[in-house]
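The sequence and the structure come first, and the text then takes the sites in turn.

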Amino acid sequence: MKRARHLTRRFFAALWPGRPAASDDAWVRTFVNPAEYEIWARMANHDRRHSIGVARSVQVTLSGTAYADQPEWLEAALLHDVGKLDSRLGIFGRVGATLAGWAAGHDMADVWSGKRGITRRVGLYLRHGELGATRIRFVGGSESAARWAAAHHEPDTWSATGIPTPVIEALHAADDD
Ligand SMILES: [Fe+2]
Ligand SMILES: [Fe+2]
């Protein structure tokens, strides 16, 4: 039920077409390197706005902790969904992909991503974590960001990322609200 509410909220947020404010864009550039910025900037407007919201929330949560001055965690927040570039699914397709993933299980994503057309795009969307990690590594980006991108929808793998637990909790909490 919580996931359904979350999906609904993301759906309506995604309908607002605007690009991030110039000041937000400049803020992003202070955390990502030029190659990472290039892939970040290719995301859809709503995905960029989402990533900024997640990063700002993580910054607030980590302020005053031992992790506050470690910009790599904001870098991870900003880049966690760059794998969505591969599916090129619109908003309605994403809702369908998410529902299909719930119904059939994410194990089907590998099979679907080997197909063609919309089936392939749904499969790619469901695999956006690992695809994002590949993109980040390909441009020589942050290894922490790549690990979080790969793991962010796979709680079973979080302990193997090497990312401190309080940081994972902050990243996850920010992504889910
Ligand atoms: Fe994601
Ligand atoms: Fe996300």
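Donors are N, O and S atoms within 2.8 Å of the metal, and water is not among the atoms, so sites may look incomplete. The model is predicted. With that definition, the donors of the iron ion (ligand 2) follow the spacing H-x29-H-D-x93-D along the chain. H50 lies in helix α4 (residues 45-62) and D175 in helix α11 (residues 165-176), so this pair ties together parts that are 125 residues apart in sequence. Both H50 and D175 are buried.

| Ion | Donors | Distance |
|---|---|---|
| iron ion (ligand 1) | D81 (OD), H128 (NE2), H152 (NE2), H153 (NE2) | 2.1 to 2.2 Å |
| iron ion (ligand 2) | H50 (NE2), H80 (NE2), D81 (OD), D175 (OD) | 2.2 to 2.3 Å |

The site of the iron ion (ligand 1) is irregular, with angles of 84 to 174 degrees among its four donor atoms. The site of the iron ion (ligand 2) is also irregular, its four donor atoms giving angles of 78 to 170 degrees.

What bridges the iron ion (ligand 1) and the iron ion (ligand 2)? D81 does, and the two ions lie 3.8 Å apart.

How values were computed: Residues numbered from 1 in each chain as written. Chains lettered and ligands numbered in written order. Predicted model: local features only at pLDDT ≥ 70, side-chain atom pairs only at ≥ 80, totals over all residues. Heavy atoms only, no water. Donors = N, O, S within 2.8 Å, 3.2 Å for Na, K, Ca; no water. Tetrahedral: all angles 85-135°; square planar, octahedral: opposite > 155°, others 65-115°. Helix = DSSP H or I, 4+ residues; strand = E, 2+ residues; numbered from the N terminus. Buried < 20%, exposed > 50% of the residue type's maximum accessible area, 1.4 Å probe, protein only.
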